[in-house]
Amino acid sequence: MSVFDWIVLALYFLLMVAIGIWSHRQVHNTSDYFTAGGKMSWWLAGISHHMSGYSAAVFVGYAAIAYTYGFTLYVWWAFAISVAVIAGAFIIAPRWSRLRQRLHIISPMQYLATRYNVPTQQLLAWSGTLLKVFDVGAKWSAIAIILNVYTSLPLAVGILISGGASLIYVTVGGLWADALTDFAQFIVQLVAGVMLFVIVLAKLGGVTALGGMWNQLPPSHHAIFGGPYTIWFVLAYLLINFLSYNGGTWNLAQRFIAVPSGSQARKAAILSAVLYLVWPIILFYPMWAAPILFPHLPDPSQAYAIMSRSLLPPGLIGFVLAGMFAHTMAMTSSDANAISAVVTGDILPFLSRRLRNLSGEDTLRAARIVTFIFTVLSMIIALESNLFGGVIGLIVTWFAALIGPISIPMLFGLLPAFRRCGPAAAIISWAGGIIAFGIIKYGFTNDVAATVSLPVLVSIILYVGIGLISGRANPDTDAFVKSLNSEDGGEGLAEPELVDAKQL
């Protein structure tokens, strides 16, 4: 990279830190830190939801898939997410905001003690926190790989640079810093992505290359389903995306919790879904074109980085690299904030009597400490990502397969159709999904579709089946779940009590 590229990248990092410092002044309590006080605008929440949904793994792991298999990546990833979030906009998203209004929650796990019981809440909170450490570790590893291609910096140095910058602004600024940096990062990656798209298009011959490019690629590259990404994999991933992007991934639930009302949460979800439908076409185009411009790459995961490094003039390389950082830091910092909310609001009060009675200022200090510790642990995992199958192994297999057993009790518990599913259904479905993943992955097959889909299906069958067979109607649960159907659904009902670890 040229000196100008380094200057652009340095200015980007300074901007992120400056936003964090400014946001620090807006945070006065844990509600501000974790939910922006319920005052976030729907458009900011929608952009933040979109930006927090993917990272530099797109430019590493997904670049390899696009280079090898072509258009199918858009089908099973971007298009499937868009469909899932649109569905969730009308079924799930508004309920998160109403939960904050009814129970004053600061984390998406907090309501589970009221919906089920404290042991169920603790089980899902602990397992989800552990899973997220590995998932975020994969994101740090991905951005370090890209930085290595551009600058030859060792992977460990890349992890420390990207993780260190995020560590500063998200620790001091909370969700406000997270959302505002998401917006700034959205602008950066929009400009960077469009620049590379235009340059690649010109390199291939202009506007006619939009359709003509596919004639220069193998027929399999413009197939809807290709390689291991069969229709069954796409359907399985559609279900997983519904669970993940509507709140099973906790940082995405926080975006809906932070807006003032359910109707604004719905608009935020729709905006995010539209962005997923349109933007990845521009973003993925250079990856799809890479086999034409750079055939026979020994490591397809470096396709996007090699292409941008080779085609862009000095200065623009730094800007595109900043765009890749933008995706990663948007996702990882929001994950850190969400995990901190769960640990601070759900786990720490369970562990210690002293931590249950912290003052507001002490609780905010504890939240920042937890955010710091989580980020550091995820960076350590990034340094050892090869032990878990690398970036794709961590994201596509481990996270996709295990998010279902954790999120099914969490999301289905919001819906009236599953009001009879109690703690037994939640715990058994979680255990069944985890066991199924272990048996399938290490005992029967390495097939990606089976490893990803079967644990989720096992969890759903157990959750619904146990609820139908042994579930009993609970008037309080029925009234509580019903109250989430509309903005005024709680009128005439007693204000539900937020159960926590103090009452165990």
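**Group meeting: a walk through an all-helix prediction**

Okay, let's start with the fold: the chain has 21 helices and 0 strands. Helices here are DSSP runs of H or I with at least four residues, strands are runs of E with at least two, and the numbering goes from the N terminus. Before going on, this is a predicted model, so local features need pLDDT of at least 70 and side-chain atom pairs count only at pLDDT 80 or more, while totals for chains, interfaces and linings use all residues. Residues are numbered from 1 along each chain as its sequence is written, and side-chain values use heavy atoms, with hydrogens and water left out.

Some overall numbers, then. Of the 504 residues in the chain, 60% are buried. Buried means under 20% relative accessible area, exposed means over 50%, and partly exposed is in between, with a 1.4 Å probe and protein chains only. The chain exposes about 18400 Å², and carbon and sulfur atoms supply 69% of that. Those areas come from the Shrake-Rupley method with a 1.4 Å probe, and for residues only the protein chains shown count as cover. As for contacts (heavy atoms within 4.5 Å), if you take those with a separation of 6 or more, 86% are between residues 24 or more positions apart.

Now the inside. Which residues touch the most other members of the largest nonpolar core? They are Trp76, Trp77, Trp96 and Phe284, in a core of 139 residues. If you click on Trp76 and ignore neighbours within four places in sequence, you'll find contacts with Tyr62, Ile65, Tyr229, Phe233, Val234, Tyr237 and Asn241.

Next, the rings. Searching the whole structure turns up 23 aromatic pairs. The rule is that rings of Phe, Tyr and Trp (its six-membered ring) pair if their centres lie within 6.5 Å; planes under 30 degrees apart are stacked, over 60 edge-to-face, and the rest tilted. Take Phe197 and Tyr285: the ring centres are 5.2 Å apart and the planes sit at 70°, so this pair is edge-to-face. Phe197 is in helix α9 (residues 155-203) and Tyr285 in helix α13 (residues 262-293), so the pair ties together parts that are 88 residues apart in sequence. Phe197 and Tyr285 are both buried.

Helix α13 also takes part in a second example. Tyr245 and Tyr276 have ring centres 5.7 Å apart and planes at 85°, so they are edge-to-face. Tyr245 comes from helix α11 (residues 231-248) and Tyr276 from helix α13, so parts that are 31 residues apart in sequence are tied together. Tyr245 and Tyr276 are buried.

Out to the surface. Trp43, Phe183, Ile187, Leu190, Val191, Val194 and Val198 make a nonpolar patch with about 530 Å² of accessible area together. Patches are made of residues with over 30% relative accessible area and no salt bridge; like charges are joined within 9 Å, and nonpolar side chains (Val, Leu, Ile, Met, Phe, Trp, Tyr) within 5 Å. Helix α9 gives the most to the patch, 6 residues. Leu190 lies in that helix, α9, and counts as partly exposed because its relative accessibility is 32%.

What about charges? With a salt bridge taken as a side-chain nitrogen of Lys or Arg within 4 Å of a carboxyl oxygen of Asp or Glu, the count is 1. The partners are Asp478 and Arg419, at 3.5 Å, N to O. They link distant parts of the chain, 59 residues apart: Asp478 is in helix α21 (residues 475-483), and Arg419 is in the loop between α18 (390-412) and α19 (423-444). Asp478 is partly exposed at 23% relative accessible area, and Arg419 is partly exposed at 36%.

His104 has phi near 60°, a positive value in a non-glycine residue. It's in the loop between α6 (93-103) and α7 (112-115), and at 58% relative accessibility His104 counts as exposed. His296 has a positive phi of about 60° too, although it is not a glycine. His296 sits in the loop between α13 and α14 (303-311) and is exposed, at 76% relative accessibility.

How values were computed. A nonpolar core is a set of buried Ala, Val, Leu, Ile, Met, Phe, Trp, Tyr and Cys residues joined through side-chain atoms within 4.5 Å.
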